[in-house]
Amino acid sequence: MTTQRSQAETQLLFPAGFAWGAATAAYQIEGAVAADGRGPSIWDTFAHTPGVVLGGDTGDVAVDHYHRFREDVALMSSLGLTAYRFSISWSRVQPHGAGPANAKGLDFYRRLVDALLEAGIEPWPTLYHWDLPQALEDAGGWPERDTAYRFADYAGIVHGALGDRVTNLTTVNEPWCAAFLGYASGDHAPGRREPEASLRAAHHLLLGHGLAARALRGDRTRVGAAVNLYAVTPASEADVDRDAARRIDGLQNRFFLDALLRGRYPDDVLTDVEPYDLGVHDGDLEVIGGPIDMLGVNYYNRFIVTGRAGAAPAITSPFAQASPWPGSEHVGFVRVGRPVTAMGWEIDESGLTEVLTRVAGEYPPVPLYVTENGAAFDDVVSAGGVDDPDRVAYIDAHLRACHDAIGAGVPLRGYFAWSLMDNFEWGWGYAKRFGLVYVDFATQRRIPKSSARWYATVIERGGIGIGTMNT
Ligand code: FCB
């Protein structure tokens, strides 16, 4: 009794049934880009374009998860994960983005899902994590309305194949990135720099979500989207900085939250992007704002912003040339001297509590999941292992932030660490390691870092043990 009580007192316990997960995405881990009839995606094309990915890296091989998924599921099992978030490559399922399904592509995901279920790990597939079939980009990409309808068809195919064994289906991952890094700054595939097209892309990504959600929600299937939210703070109380914060919060957070949860775009954001035509048709926002069963929140850091001239842009790519903020290109991003990750992102876990309590407090109720959170550090192998106390500290702090949010009444139901293992970090190639598991990219050997062992302890205990930071 005494032992039990003192254990409870030294732990921050999470609610029973809380999902303890880790996340990945298809192009970042699978490799096997020409296997079994897979067609090219915009990331294949983009990564093979000189000068857009650090070191000329591509996802051709990535961490070869396509061939090593059983080993990877065994790893997840050894960590005690109760859920695994991964994405499905659209161009494996429909090599040219339309038409009949490629059975071999679907079979891969059937095998993966079955292996997860057998290991007692809940599969959490995401339908779109940025890898649009190239054929659809050739037809105009996300700025074309038809792409949203193609996406809904594809969602139906996946649901038809996996719907009997998958409960939680995420439509789109971080539509902000897909739209604005893809079509405004051009830091991500397809590398276009067209502000109006980027806004249309954002609208059509949301419309694709809405059409898919409407078609797939049911007794068994819970559908949601995953958005990347930021805490946004003005660099000073000056009007010009407060306006910058309103703008960035508007386009980054409220544009997506208001559309998904209230079925409208915020008026002030529409004014900020006034010269542009988003291509909204009557009825679109009712589709986008239709019921969802959960919302995924991806959180990495806080933006501190200024409207004064001369401040640095956000770090969105090693080659950043243009702003991903149509209508607010002048806004600068300020550092305040907090410790940074290897991405140069300042660490601020209080922002996670802030965004979670904001969604829960200001929007209609919806179960929330942190679908991504994590940090890159310059990990090194030493004596056969990888000691990454900075990552342990980062995740520990952010889990405490989650616990605070739950304490404040937020319906937070799970946490997915980004990432299960080191992988292709988009424009940064293999230079940034986010994994709980280290991958030697030359040999594909997986080495669980000390953060993986620590996370396994957290999962086993159902919470964070005070003073267990180094166990
Ligand atoms: C998110 C992406 C994910 C990964 C992390 C670091 O924006 O969804 O694929 O790149 O950032």
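Let me start with the loop between helix H2 (26–29) and helix H3 (42–47), where Asp36 is found. Asp36 is not a glycine, yet its phi is positive, at about 50 degrees. Helices here are DSSP runs of H or I with at least four residues, strands are runs of E with at least two, and both are numbered from the N terminus.

This is a predicted model, in which local features need pLDDT of at least 70 and side-chain atom pairs count only at pLDDT 80 or more, while totals for chains, interfaces and linings use all residues. Residues are numbered from 1 along each chain as its sequence is written, and side-chain values use heavy atoms, with hydrogens and water left out.

On confidence: pLDDT is the predictor's confidence in each residue, on a scale from 0 to 100. The protein chain averages 96, and 97% of the residues score at least 70. Over residues 1–9 the pLDDT is below 50, and this stretch has zero contacts in the model beyond near neighbours in sequence; contact means heavy atoms within 4.5 Å. Where pLDDT is low, the predicted coordinates should not be read in detail.

Now the barrel. Eight strands close it in the order S2-S3-S4-S5-S6-S8-S11-S12, with parallel pairing. Two strands count as paired if DSSP finds at least two bridges between them. On average, neighbouring strands of this sheet are turned by 25 degrees against each other, direction ignored. Axes are lines fitted to C-alpha atoms, for helices over the stretch in contact, and angles run from 0 to 180 degrees between N-to-C directions. Helix H6 (residues 103–118) packs on the sheet and touches strand S3 (83–87) and strand S4 (122–128), its direction making about 170 degrees with that of S3. Helix H8 (residues 146–162) also packs on the sheet, touching S4 and strand S5 (168–173), at about 155 degrees to the direction of S4.

How many bridges join strand S11 to strand S12? Two, between residues 368–372 and residues 412–418, and the strands run parallel. Leu368 stands opposite Leu412 in S12. Ser419 lies in the loop between S12 and strand S13 (437–440).

Pro190 sits in the loop between H9 and helix H10 (195–216).

There is also an open sheet of three strands, ordered S7-S9-S10, with mixed pairing. Its edge strands, S7 (231–234) and S10 (332–333), each pair on one side only. S9 and S10 run antiparallel and are joined by two bridges; Val305 stands opposite Phe333 in S10.

Last, the largest pocket, with a volume of about 600 Å³. Of its 36 lining residues, Tyr230, Asn301, Ile315, Thr316 and Trp345 are the closest to its centre. Helix H9 (175–183) and strand S9 (302–306) are the elements that give two or more residues to the lining. A pocket is an open set of points on a 1 Å grid over the protein atoms alone, where a 1.4 Å probe fits, with protein on both sides within 12 Å along at least five of seven lines; lining residues have an atom within 4 Å of a point. Points are joined across faces, edges and corners, and the volume is the space filled by probe spheres set on them.
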